[in-house]
Amino acid sequence: MTLSSHQSIEAIRSGRGTAYSPMVASLFSHVILDVDDVILRTQEAIQAGTQALREALVARLGPSVGGRVADLFSENHATMVRHFRRVGSSTGADQDVRQLKERMQYWQRSVVKAGFEVKQWSRDTFLAIALERAGCEVTAVVLDEALRCYWTEVAAASVLYPDAGPFFVRLRELGIPYHLATGSDGTLYFDDSSRGFTYDPERCRARKLGRLKCLAEIGIREEDVSVGDPHGKPSFAFFERVLNDFETKIGAKIDRARTVAIGDSYTDDIEPLLRLGVGRGAVLVRPGWAATGPAEAKGLGQGVGVLSSLMELVS
Ligand SMILES: [Mg+2]
């Protein structure tokens, strides 16, 4: 189901949520944004990365097995994306998500034992599960080699959405402070002897910031970004830190009721902030994206709307 921009804005105007424009400045005073698939064209970059991963796996495991593992890796990633792109709350995860999460929990058992959450976007884990399903041995060498190719290509292929630059220019013109809240990439390390992953939050965070270097092109600085390590989305611990980082940066309390949270996942980017007192949310559904879940965006909280472009919020 694709929500067109027209339908979405009409849904907002007809009582679900609020029509943002043209009274933008009076409606919100602060902005918190997700990064991947909101500012950055991550989905496209991931396709390029997956192709590089496929080539590495084929070179090591042969065309048949390597290709099968690459397909399973893509399937795992797509299952997570589908899960997080649904619009509105969902009643329980579907079967695929449950199975995937169960295997993630298994491979990340040492991460959990060390007191961390399961890193839900860990490509290392998606690949380990793919290798396992294809009947291949999971080793650090295979994982490292394929994922090095993957991340190098993702970083190289990551470009900004064309509305991102003008959006931040407009926010600066309006004097509206902003802060970015990005999830962890869940970079983990495989230990061959215990056959499981370990996690180093600082290294993981540094890797993520490295991948987001192109944000500098539109004037985003490192201090404008909170990264989901060690606590990640959708935990309150993460979003409390986001609000805290934001206030520390601007040296003032933010008016939560007049803050808007923007993201491509209602449950991961917006809902936790609403629960922490943020008054407004905007789910970004870019044209051509299939948003899964309740068609009329039922389940979206009060003050939450759907956008197809960032500029709809400020023009
Ligand atoms: Mg996102």
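## Sheet pairing and helix packing in a predicted model

Alanine 261 stands opposite glycine 281 in strand S7. This is a predicted model, in which local features need pLDDT of at least 70, side-chain atom pairs count only at pLDDT 80 or more, and totals for chains, interfaces and linings use all residues. Residues are numbered from 1 along each chain as its sequence is written.

### The chain as a whole

The protein chain contains twelve helices and eight strands; these elements are DSSP runs numbered from the N terminus, with helices (H or I) of at least four residues and strands (E) of at least two. Of its 315 residues, 45% count as buried. A residue is buried if 20 or more other C-beta atoms lie within 10 Å of its own, exposed if 12 or fewer, and partly exposed in between, with C-beta atoms placed from the backbone. Among contacts between residues at least 6 apart in sequence, 70% join residues at least 24 apart. Two residues are in contact if their C-beta atoms, placed from the backbone, lie within 7 Å.

### The sheet

Six strands form an open sheet in the order S5-S2-S1-S6-S7-S8, and the pairing is parallel. Strands pair if DSSP finds at least two bridges between them. Strand S5 (225-227) and strand S8 (304-307) stand at the edges with a single partner strand each, so one side of each is left without a neighbour in the sheet. Neighbouring strands of this sheet are turned by 20° against each other on average, direction ignored. Helix H11 (residues 236-250) packs on the sheet and touches strand S1 (30-33), strand S2 (178-182) and S5; the direction of H11 makes about 150° with that of S2. Such angles run from 0 to 180 degrees between N-to-C directions, and axes are lines fitted to C-alpha atoms, for helices over the stretch in contact.

Strand S6 (residues 259-263) and strand S7 (residues 280-284) run parallel and are joined by four bridges. Four bridges also join S7 to S8, again with the strands running parallel. Glycine 281 lies in strand S7 and has valine 304 as its bridge partner in S8. The C-alpha atoms of glycine 281 and valine 304 are 4.4 Å apart in space, although the two are 23 residues apart in sequence. Glycine 281 counts as buried because it has 25 C-beta neighbours inside 10 Å. In S8, Val304 and Val306 point one way, Gly305 and Leu307 point the other way, and all are buried.

### Helix pairs around H7

The axes of helix H7 (residues 123-133) and helix H8 (residues 140-157) come within 10 Å and cross at roughly 125°. That angle makes H7 oblique to H8. Angles under 35 degrees count as roughly parallel, over 145 as roughly antiparallel, 65 to 115 as roughly perpendicular and the rest as oblique. Arg123, Asp124, Leu127, Ala128 and Leu131 in H7 meet Val142, Leu143, Ala146, Leu147 and Tyr150 in H8. The residues of this contact divide into eight nonpolar, no polar and two charged. In this classification Ala, Val, Leu, Ile, Met, Phe, Trp, Tyr, Cys and Pro are nonpolar, Asp, Glu, Lys and Arg are charged, and the others, Gly among them, are polar.

Helix H4 (residues 63-85) and H7 pack at an angle of about 130°, with their axes 8 Å apart. H4 is therefore oblique to H7. On the H4 side the contact is made by Val69, Leu72, Phe73, Asn76 and His77, and on the H7 side by Phe126, Leu127, Ile129, Ala130, Leu131 and Arg133. By class, the contact of H4 with H7 has eight nonpolar, two polar and one charged residues.

### Backbone exceptions

Most residues other than glycine have a negative phi, and most peptide bonds are trans. The following sites depart from these patterns.

| Site | Backbone feature | Location |
|---|---|---|
| Aspartate 229 to proline 230 | cis peptide bond, omega near 0° | Proline 230: loop between S5 and H11 |
| Lysine 233 to proline 234 | cis peptide bond, omega near 0° | Proline 234: loop between S5 and H11 |
| Aspartate 37 | positive phi of about 65° | loop between S1 and helix H3 (42-61) |
| Arginine 195 | positive phi of about 50° | loop between strand S3 (189-191) and strand S4 (196-198) |

Aspartate 37 counts as buried, with 23 C-beta neighbours inside 10 Å, whereas arginine 195 is partly exposed, with 14 other C-beta atoms within 10 Å.
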